[in-house]
Structure formats: structure tokens, C-alpha cells
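We will walk through it together, one region at a time.

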Amino acid sequence: MSGAGRGRPTVALVGVHGYGRLHLERLLARQHRGEIDLVAVADPVPADAALEGARQFPALDDLLAVHGPEVVVVSTPLHTHADLAGQALRAGAHVLVEKPATADLPSFEELLALSERTSRWCQVGFQSLGSAAVEHVRERVAGGRIGTVTGYSAVGCWVRTRAYYDRAPWAGRRRLQGRVVADGVLTNPLAHAVATVLAVAGARRLQDVVEVETDLFHVNDIEADDTSTARIVLGDGLDVLVAVTLAAAEQGEPFVTVTGTAGSIRLFYTLDTVVEETPGRPPRVTRHERVDLFDDLLDAVRTGARPRSALREAGGFARVQDAVVNSPAPRAVPAEFLRRHDLPGGDVRWELPGIEEAVQRAVTRRRTFSELDLDWARAAR
Ligand SMILES: NC(=O)c1ccc[n+]([C@@H]2O[C@H](COP(=O)([O-])OP(=O)(O)OC[C@H]3O[C@@H](n4cnc5c(N)ncnc54)[C@H](O)[C@@H]3O)[C@@H](O)[C@H]2O)c1
């Protein structure tokens, strides 16, 4: 195997454009530091960056016929993950697959079984799970800092424009050519919110999630949801309320909250920042280190330690995804409730005025959008 003699792990990347471009840059930087050998990449579209000795193949099969990389990074459309990660595992590689690991629950279960049968790690790219902040929150909660936990929530108010959905044929789709894609707000753009709140709640495995109720809407002209709530019932009887949108007035920092009888703890998971609030005290703000999930995977391969975002620990998320996939089609919010913004270059952004307040009410009152008295939710078809 190329590079193995020099003791550096050999690595291949599948998907070099879009988010894969970021993986490529990071892998090349590691190669410059002498940490890895990037032996090859696979993508049907030629790379537009210098590959510095790595050979490009049109498909992963062709790559694996020539190279036997120790680690394969998969950053391709959601509905291709299961096949590509499966091929890499079968070829004996450890895998870092972008989130979500698979597009549906049967593929998740198959991939998990394969990872266990081949004794190869499959790490899922929920990068917030590489943060020490998650464990910090769990320790503070377990130490009784906010009393007895009464519930968990996750909130995300983001902005996406028409160009986001026009960038790829799978964007905003529930299915494509007979395959599940599940590119809705809960399962892709704000999937980190769901995965992180489940991690904070200690509900990362399949059996930890008992029931999921979804309430899905779309503001953009897409098949999948972009404005949704979900109520996730956990094995310990507590629940998680998730309220998210891609039709906010402006991009806001998403966060997860643990609420207790004597205070609350909030994790701003893209910032690794935790704010603990207890009555009569000033907020306690802490910032935490984050380990990159690729480095964490290499470390797991080297030491035998469990990686921080192993596939099995994405089981709780897979249950939520399964509920979304099997939910009735998201309902369209009528145009009379929306505000259109025309952007330079012909792009368009649709805003749902008041959605920020609705998201906040949903998590405070622990209600789905349909359970709140919202005109747009009542009128949605
Ligand atoms: N972790 C994060 O914060 C984050 C952020 C953005 C995207 N992502 C994830 O990254 C992944 C890719 O998203 P994207 O928006 O870049 O997708 P994309 O469709 O823009 O690009 C994917 C790349 O994969 C290539 N590709 C498609 N099918 C392939 C195949 N069978 N074999 C090899 N290459 C193939 C495409 O040519 C393209 O270069 C998704 O899983 C997405 O959820 C993660």
C-alpha cells in the first residue's frame, strides 16, 4: 500500500467539490505536515485544485481496484453515502462519512452491521460531537447544577436561498429516482442540532429513542421540509423538542438547551460555548476545545479508543430521520404569509416573518408548530 512503508496512514477522498473541497484542503494540509499520504480521490467531475500527487478516479470502485487506503473520507450526496461507505469498509478501510451517515434506517442498520463485521470504524461527520462542550454539559447536569432535568430542546433559525436548492439535483428532495434522499432541515442542514441535543441527552443509540412526532412544513418551493418541529420521546420518559427553520429573517446561532428545576444550560454547538444560568447568579460562560473528527478517527485506529462520533452513536439520529422519511409530505406555507427578497444575481430568499418567535414559543411551551395557535400553520396545505 502506497505510503504504508513510511508509516503514514494512506487516505482516499470521495467527493472533491462542494463540502468535499474543504476535506481536500484539510487532507492536503495534513499531507504537508507529513501526517498522512493522500493517495487518491474519486469524483466523476475533475478536481479544480492541485491534487499534489494524488490520482483522481471517476468512481470509488476504480480507486479501490488500484489502491488499498487505510482511511476513506466520503463527502458525496446523502443518498450515495451508504453504498460508498459500505464499499470502503468491505475493502478494509476505516471511514469518515459526512452526515447524515445514510439516508434511511434500513441502510443505517446494514452499514452498522458491516462496520462491526469488518471491525472497521465508521465515523459520522457530526463535527459538534468532537467538542469537549458536550461532555462538559453532561457533567454539569449529572452534578446537579440545574436540579432535576425536565426536558431538552434544540433551536435553529437559518437562512437559505433558492441558489442553495438549485446547486444540486438532490437538494431539497425527499426522494430521487426511487431512492430516499431526506434532504430536509431536520435531517440535513440542521441535523447537527438534532444529533447534538441527543448526545447531550445521552440518547445516541437506536434504542434510546422511543417515539418521534414530526410536524413538517416548507416555505421554499421544495419537496422536503425547511421549517419543522419534532418531539422526540426518550427511554427515560423525558422528551426533546426541536424547532428549526431555514426561512428566518437572518442567520442565527443554533443552540441546544437542557432545562432543569433549578436552571438551564445552553450549548451553542457551532461555537463550543456553554452558558449556564441559575437563578440569582450571573450566567456562567465557558468555551471548550474541539477535536477534528478525522484526527479523532486516526487516533482511534492507532490506539483502539472509540471515536467520538462512531456510527452506532448516530442511532438516535437515525430514528429521528426514519420518522421524517416516513412522515406525510411537508405542508406548504401559503405565499400570503411569506416575504420575498430579491437578491443580486437573480437569487431569491423567502422569509416567514415571525418564525423566530414561533420557534422560541415551540421550545418554551414544548409544543409543535401545529399545536401553537399559528395562522400560517393552520393555513398550510
Ligand atoms: N458537516 C457539515 O457541516 C457539512 C456541511 C455541508 C455539507 N455536508 C455534507 O457533505 C456532503 C456533500 O454535500 P455537498 O453539498 O458538497 O454535495 P454536492 O452534491 O455539492 O457534491 C458532492 C461531490 O460528490 C461528487 N459525487 C457525487 N456522486 C459521487 C459518487 N458516486 N462518487 C464520487 N463522487 C461523487 C460530486 O461530483 C461532487 O463533487 C453531504 O453529506 C452533506 O450533508 C456537511
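The tour goes from the domains to the cores, then to the ligand and a few local details.

A word on the ground rules comes before the tour. This is a predicted model, in which local features need pLDDT of at least 70, side-chain atom pairs count only at pLDDT 80 or more, and totals for chains, interfaces and linings use all residues. Residues are numbered from 1 along each chain as its sequence is written, and side-chain values use heavy atoms, with hydrogens and water left out.

Let us begin with the overall layout. The domain assignment divides the chain into domain 1 (4-127) and domain 2 (131-290 + 313-379); such bounds come from an automatic or database domain assignment. Taken over C-alpha atoms, the centres of domain 1 and domain 2 are 28 Å apart. Where they meet, domain 1 gives 16 residues to the contact and domain 2 gives 23 residues, with contact meaning heavy atoms within 4.5 Å.

Now look inside. In soluble globular proteins, nonpolar side chains tend to be buried together. A nonpolar core is a set of buried Ala, Val, Leu, Ile, Met, Phe, Trp, Tyr and Cys residues joined through side-chain atoms within 4.5 Å. Buried means under 20% relative accessible area, exposed means over 50%, and partly exposed lies in between, using a 1.4 Å probe and protein chains only. Which residues of the largest nonpolar core touch the most other members? They are Tyr152, Leu198, Leu234, Val242 and Leu267, in a core of 76 residues. Helix H7 (residues 191-200) supplies the largest share of this core, eight residues. Helices (H or I, at least four residues) and strands (E, at least two) are DSSP runs, numbered from the N terminus. Both domain 1 (4-127) and domain 2 (131-290 + 313-379) contribute at least three residues each to this core. Apart from it lies another core of 26 residues, including Phe217, Ile355, Val359 and Leu374.

Threonine 196 counts as buried because its relative accessibility is 0%. The side chains of threonine 196 and serine 128 form a polar contact of 2.8 Å. A polar contact is a pair of N or O atoms within 3.5 Å; within protein, one must be able to donate a hydrogen and the other to accept it, and residues adjacent in sequence count only if both atoms are side-chain atoms. Not counting residues up to four places away in sequence, threonine 196 touches Ser128, Leu129, Val134, Val256, Leu267 and Tyr269.

Helix H9 (residues 315-325) is mostly covered, with nine of its eleven residues buried. Among the buried residues of H9 are Phe317, Val320 and Val324. The elements that cover the buried residues of H9 include H4, H7, strand S10 (209-218) and strand S11 (227-234).

Next comes the ligand. It is surrounded by 24 residues, the closest being Tyr19, Asp43, His81, Lys99 and Trp170; a residue counts as near when one of its heavy atoms lies within 4 Å. An oxygen atom of the ligand is 3.0 Å from an N or O atom in the side chain of histidine 81, while a nitrogen atom of the ligand lies 2.9 Å from a polar side-chain atom of glutamine 127. Of the 860 Å² of accessible area that the ligand has on its own, the protein covers 80%. Accessible areas come from the Shrake-Rupley method with a 1.4 Å probe, and for residues only the protein chains shown count as cover.

Finally, a few details of the backbone. Most residues other than glycine have a negative phi, and most peptide bonds are trans. Lysine 99 and proline 100 are joined by a cis peptide bond, with omega about -15°. Proline 100 sits in the loop between strand S5 (94-97) and helix H4 (105-118). Glutamate 52 is not a glycine, yet has a positive phi of about 50°; this residue is partly exposed, at a relative accessible area of 41%. Glutamine 177 also has a positive phi, near 45°, and lies in the loop between strand S8 (175-176) and strand S9 (179-180). Glutamine 177 is exposed, with a relative accessible area of 77%.
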